[in-house]
2 protein chains.
Amino acid sequence: LSEDELVAAIASLASGSPRVLVGIGDDAAVWQPSRSNRSVITTDALIEGVHFSRTWMSLEDVGWRAMAANASDIAAMGARGVLATVALGLPEGFGPDAVLELYRGLTACARATSCAVAGGDLTRAPVLTIAITVVGEVRATHLKLRSGARPGDALAVTGPLGASRAGLLHARGDVRLSVPLARAATAAHCRPAPRMREGRFLAASRSVHAMMDCSDGLSTDLSRLLAASGVGARIEAVPVDPCAREAAEQLGEDPAAFALAGGEDYELLVAVAPRAFGHLSARLRAHAGRALLRVGTVQADAGLSMVKDGRPEPVFRSGWDHFSLGAN
Amino acid sequence: LSEDELVAAIASLASGSPRVLVGIGDDAAVWQPSRSNRSVITTDALIEGVHFSRTWMSLEDVGWRAMAANASDIAAMGARGVLATVALGLPEGFGPDAVLELYRGLTACARATSCAVAGGDLTRAPVLTIAITVVGEVRATHLKLRSGARPGDALAVTGPLGASRAGLLHARGDVRLSVPLARAATAAHCRPAPRMREGRFLAASRSVHAMMDCSDGLSTDLSRLLAASGVGARIEAVPVDPCAREAAEQLGEDPAAFALAGGEDYELLVAVAPRAFGHLSARLRAHAGRALLRVGTVQADAGLSMVKDGRPEPVFRSGWDHFSLGAN
């Protein structure tokens with residue numbers, strides 16, 4: 001395969017979209033933005049040895065996860081996916097077959113999140129490097145930022161936390177999960193499902209005051225949401241995934257602390273008007289098959305605390321740091 | 001500086017734009033696309049040791065050049081810049097001051113090309129890695145693709161070729177240019193000026209049938225334009241930059257061949273209706289200070305040849321290959 005033939009093979013994997021007028025192959029891709037919506041854009045790079053290892057992930061998994069990390073940021077704005085661009089850095093010996101395997105996972109996740117892969121770049125790099133940018137669209141009135149949380153709001157997530165971290169530890173051999181949990185944890189780590197449907201549903205509710213995705217660990221991400229909103233919070237309960245519970249127990253760690261520091265769970269974190277919480281959660285369950293899991297309450301005073309044995313204790317950010325694990 | 005403080009410092013360097021409603025700091029950036037235009041998007045990654053060396057480029061230069069490479073693709077569509085996102089991979093020991101120096105060059109080029117830096121990602125990487133995505137806008141009737149060249153069209157570029165390659169060879173010590181040429185070649189390599197003004201002007205002309213940027217070397221880029229248009233061409237003259245001429249002479253190479261293989265010149269390559277060529281070139285000179293330099297003629301038969309001593313000889317693609325130098 002010549003380079004131009006490889007690009008043609010990639011283009012045939014990237015299913016088109018009526019919105020994309022010119023896809024892979026020109027200087028830039030062209031699309032027609034919706035006239036009535038706002039556009040959103042996010043970018044995230046995954047670096048081999050920092051964000052993933054090919055030792056325990058297939059290239060299809062790596063491609064899926066790189067796309068999922070970006071799509072999750074689009075979901076967190078309440079937006080739907082439109083298109084993606086992919087800049088790939090390929091190490092020595094990484095041939096066309098490997099590129100296409102990576103693209104199979106990437107385009108599978110792109111289809112699942114309604115993003116057309118519209119353009120990209122191929123270059124050499126010392127390690128496998130995947131920088132993806134996703135564009136989405138959202139109605140102006142549905143847009144959800146991090147900065148809208150108000151004192152009294154209920155804080156909640158769209159699913160239990162810590163499964164991806166448990167999957168990573170299991171893959172590395174740091175814990176040994178029992179069979180059904182091992183499978184679930186591996187799937188959570190290798191094939192995370194961005195909460196697109198949940199994001200758009202929650203975005204349509206005026207009772208949702210703030211939303212973000214929970215990719216760096218709840219303690220870090222919640223701290224960011226609170227700082228952006230100029231408020232504090234009390235954590236009352238941490239919804240711990242069963243995989244995370246078993247992993248924490250094997251490590252002799254507190255399961256709640258393990259899940260708080262999790263990272264890469266890609267659940268959505270929302271601040272919701274308290275009176276609307278129960279009804280919204282029930283409607284979300286009916287719409288998307290998952291209820292909201294309550295985490296705590298927004299408070300006027302800055303700072304993040306957690307109720308332990310009836311007493312509030314300060315919580316420190318403990319999730320992934322961008323400079324160590326790089327998720328955004 | 002904590003990581004969040006570094007992001008705040010980056011955000012203050014990235015001048016805002018009234019079009020960008022939410023910039024750096026949320027899950028995604030938000031903008032209002034123009035209702036009457038089409039949007040274009042391009043992505044390009046620059047990898048240390050592949051595309052640049054910090055030995056002979058300042059970090060400000062590296063940042064400028066990374067942004068320029070992307071903006072040039074936007075110019076090649078006939079579009080204007082709107083916004084950019086930047087994913088940075090930082091090697092060990094690359095501190096906040098270095099990040100901000102890189103961003104100073106990057107945002108200077110962004111301002112010069114009317115792109116607001118609206119979002120990004122910071123992570124660790126084995127070498128300095130800069131993946132930029134730029135969004136632009138263009139009227140539907142002004143959009144210029146690679147595929148519109150017709151037999152008989154005049155082929156032309158917006159400036160002489162080979163200066164950037166001469167600057168690279170000079171920086172590496174492979175040639176030793178005389179003083180005024182050395183300065184010009186270094187500037188061409190380190191601070192290339194994307195032809196935004198020229199691109200928009202040429203895009204407004206119905207006589208321009210195809211356009212692309214000339215970043216991989218004229219022989220490679222012209223081959224791509226011809227393939228996309230289903231035509232061939234005869235090269236009649238290669239406009240060689242004086243820096244390239246001196247470098248080629250020192251290396252004992254044919255100056256035209258040196259410039260043909262150039263790469264990273266970031267001039268625009270156009271196919272123009274032959275009857276309109278002289279008038280369009282004069283108007284471009286009046287508008288942007290540079291005339292079109294004629295390169296050759298589009299022919300119905302496939303293949304690329306060059307007239308040498310009155311006889312056509314076949315030309316083979318000799319520019320940067322994405323897998324060796326990665327420009328797009």
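The model is predicted: local features need pLDDT of at least 70, side-chain atom pairs count only at pLDDT 80 or more, and totals for chains, interfaces and linings use all residues. Residues are numbered from 1 along each chain as its sequence is written, chains are lettered from A and ligands numbered from 1 in the order in which they are written, and side-chain values use heavy atoms, with hydrogens and water left out.

**Symmetry**

- Two copies of a chain are related by a rotation about an axis and a shift along it.

**The interface**

- Chain A gives 62 residues to the contact and chain B gives 63 residues. Contact means heavy atoms within 4.5 Å.
- Of the interface residues of chain A, 100% are also interface residues in chain B, so the copies meet through the same surface.
- Between chain A and chain B, 24 residue pairs are in polar contact, both residues being at pLDDT 80 or more. β3(A) supplies the largest share of the side of chain A that touches chain B, with ten residues.
- A polar contact is a pair of N or O atoms within 3.5 Å; within protein, one must be able to donate a hydrogen and the other to accept it, and residues adjacent in sequence count only if both atoms are side-chain atoms.

**Salt bridges**

- Side chains of opposite charge can pair when their charged atoms come close.
- The whole structure holds 33 salt bridges over all chains. Between chain A and chain B the count is four.
- A salt bridge is a side-chain nitrogen of Lys or Arg within 4 Å of a carboxyl oxygen of Asp or Glu.
- B:Arg146 and A:Asp26 form one through their side chains, at 3.8 Å from N to O. This pair crosses between chains: B:Arg146 sits in the loop between β6 and β7 (154–157) of chain B, and A:Asp26 in the loop between β1 and β2 of chain A.

**Sheets built from both chains**

- One open sheet has six strands in the order β5(A)-β4(A)-β6(A)-β3(A)-β2(B)-β1(B), with mixed pairing. β5 (116–124) of chain A and β1 (20–22) of chain B each have a single partner strand, so one side of each is left without a neighbour in the sheet. From one strand to the next, the twist averages 20°.
- Two strands pair if DSSP finds at least two bridges between them. Helices (H or I, at least four residues) and strands (E, at least two) are DSSP runs, numbered from the N terminus.
- The chains join here through β3 (37–47) of chain A and β2 (29–31) of chain B, antiparallel, with three bridges. A:Ile41 faces B:Ala29 in β2(B).
- A second open sheet of six strands runs β1(A)-β2(A)-β3(B)-β6(B)-β4(B)-β5(B), again with mixed pairing. Its edge strands, β1 (20–22) of chain A and β5 (116–124) of chain B, each pair on one side only.
- In that sheet, β2 of chain A and β3 of chain B pair antiparallel over three bridges. The bridge partner of A:Ala29 is B:Ile41 in β3(B).

**Helix packing**

- Helix α3 (96–112) of chain A lies across β4 (80–90), β5 and β6 (129–139) of chain A, at about 165° to β4(A).
- Axes are lines fitted to C-alpha atoms, for helices over the stretch in contact, and angles run from 0 to 180 degrees between N-to-C directions.

**Other strand pairs**

- β9 (232–235) and β11 (293–299) of chain A are antiparallel, joined by four bridges. A:Gly232 stands opposite A:Gln299.
- β9(A) also pairs with β12 (304–308) of chain A, in the parallel sense, over three bridges. A:Ala233 has A:Leu304 as its bridge partner.
- In chain B, β12 (304–308) and β13 (311–314) pair antiparallel over four bridges. Their hairpin has two residues between the strands, and B:Asp309 takes a positive phi near 50°.
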